[in-house]
Amino acid sequence: MRRSDITGRREFIQLMAAAAASGLAGAGLSSEARGEVRKGRLGPQLKFFTRGEFATLDEMAEMIIPGDRRSGGARAAHVAEMIDARLAESLDPEWRQSWKDDIAEINELSRRKFRRQFVDASAKQRAQLMDLISRNEDKPKEAAEYAFGTIKWTVGETYYRTRIGIHDEIGYKGNVIQDEFSGIDVSRG
């Protein structure tokens, strides 16, 4: 459905609420709609990040763990929202500031290379930037490379704590009643 097909503001809000409830908020939105999310008119209620910082983290998270036929990606799992909540609850001001600095570093590099914030760069430009900052992942040398490592690790760790990451992606079947024991009886030695 194109934005021009929507008859009014109320219908647009209902459509966005439905998209958010289904884990699709932000996916396939026009740049205008993404701008509305960054301005706080649409999207989650943030506790730590600014809208711009959140948009950068959310886009990077989805690029790190994109959705596919098997499972939803980081955006569907609300990874950026979970990181935002965790940072809001932290009592460690240095850790909190390091996240602000990391996001700022990514956006500054994007501005230097493409003259626009990370989320405002084209998909090709964002991919180029991700390639650049991940090139020395094992031995980072520059601030943006360290930032990428922190973001990637935290996105992965957070994703695999969600229902989508645990059940849909990994296929974990635990925490359910088993009709019969399917392991090895070690008591009969």
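Predicted model: local features only at pLDDT ≥ 70, side-chain atom pairs only at ≥ 80, totals over all residues.
A residue counts as buried when its relative accessible area is under 20%, as exposed when that area is over 50%, and as partly exposed in between, using a 1.4 Å probe and protein chains only. Keep that scale in mind, because at 13% relative accessibility Arg-126 counts as buried.

Residues are numbered from 1 along each chain as its sequence is written, and side-chain values use heavy atoms, with hydrogens and water left out.

Begin with the overall layout. The chain has eight helices and zero strands. Read from the N terminus, its elements run α-α-α-α-α-α-α-α. Helices here are DSSP runs of H or I with at least four residues, strands are runs of E with at least two, and both are numbered from the N terminus. The chain has 189 residues, and 38% of them count as buried. Contact means heavy atoms within 4.5 Å. Among contacts in the chain with a separation of 6 or more, 56% are between residues 24 or more positions apart.

Now go inside. A nonpolar core is a set of buried Ala, Val, Leu, Ile, Met, Phe, Trp, Tyr and Cys residues joined through side-chain atoms within 4.5 Å. The largest such core has 31 residues, and Phe-49 and Ile-106 touch the most other members. Helix 3, helix 4, helix 5, helix 6 and helix 7 each supply at least two residues of this core. Helix 7 gives the largest share, six residues. In soluble globular proteins, nonpolar side chains tend to be buried together. Leaving out residues up to four places away in sequence, Phe-49 touches Phe-54, Leu-57, Ile-83, Asp-84, Leu-87, Trp-99, Lys-100 and Ile-103.

Next, see how two helices meet. The axes of helix 4 and helix 5 come within 9 Å and cross at roughly 145 degrees. These axes are lines fitted to C-alpha atoms over the stretch in contact, and angles run from 0 to 180 degrees between N-to-C directions. Helix 4 brings Ile-83, Arg-86, Leu-87 and Ala-88 to the contact, while helix 5 brings Trp-95, Arg-96 and Trp-99. By class, this contact has five nonpolar, no polar and two charged residues. In this scheme Ala, Val, Leu, Ile, Met, Phe, Trp, Tyr, Cys and Pro are nonpolar, Asp, Glu, Lys and Arg are charged, and the others, Gly among them, are polar.

Charged residues also pair up. A salt bridge is a side-chain nitrogen of Lys or Arg within 4 Å of a carboxyl oxygen of Asp or Glu. The count by this rule is 12 salt bridges. One of them joins Arg-126 and Glu-59, at 3.4 Å from N to O. Arg-126 lies in helix 6 and Glu-59 in helix 3, so this pair ties together parts that are 67 residues apart in sequence. Is Glu-59 buried or exposed? Glu-59 is buried, with a relative accessible area of 16%. Apart from its neighbours within four places in sequence, Glu-59 is in contact with Arg-75, Phe-118, Val-119 and Arg-126. A network of salt bridges links Asp-58, Glu-59, Arg-75 and Arg-126.

Glu-108 and Arg-111 meet at 3.0 Å, N to O. They are three residues apart in helix 5, and so are separated by about one helical turn. Glu-108 is partly exposed at 30% relative accessibility, and Arg-111 is partly exposed at 35%. Lys-152 and Glu-137 form a salt bridge at 2.5 Å, N to O. This pair links distant parts of the chain, with Lys-152 in helix 7 (residues 143–159) and Glu-137 in the loop between helix 6 and helix 7, 15 residues apart. Lys-152 is partly exposed at 33%, and Glu-137 is partly exposed at 37%.

Finish in the loops. Which loop holds His-78? His-78 lies between helix 3 (51–64) and helix 4 (79–89). Its phi is near 60 degrees, a positive value in a residue other than glycine. His-78 is partly exposed, with a relative accessible area of 30%. Arg-115 sits in the loop between helix 5 (93–114) and helix 6 (123–134). Phi of Arg-115 is also near 60 degrees, again positive in a residue other than glycine. Arg-115 is exposed, with a relative accessible area of 78%.
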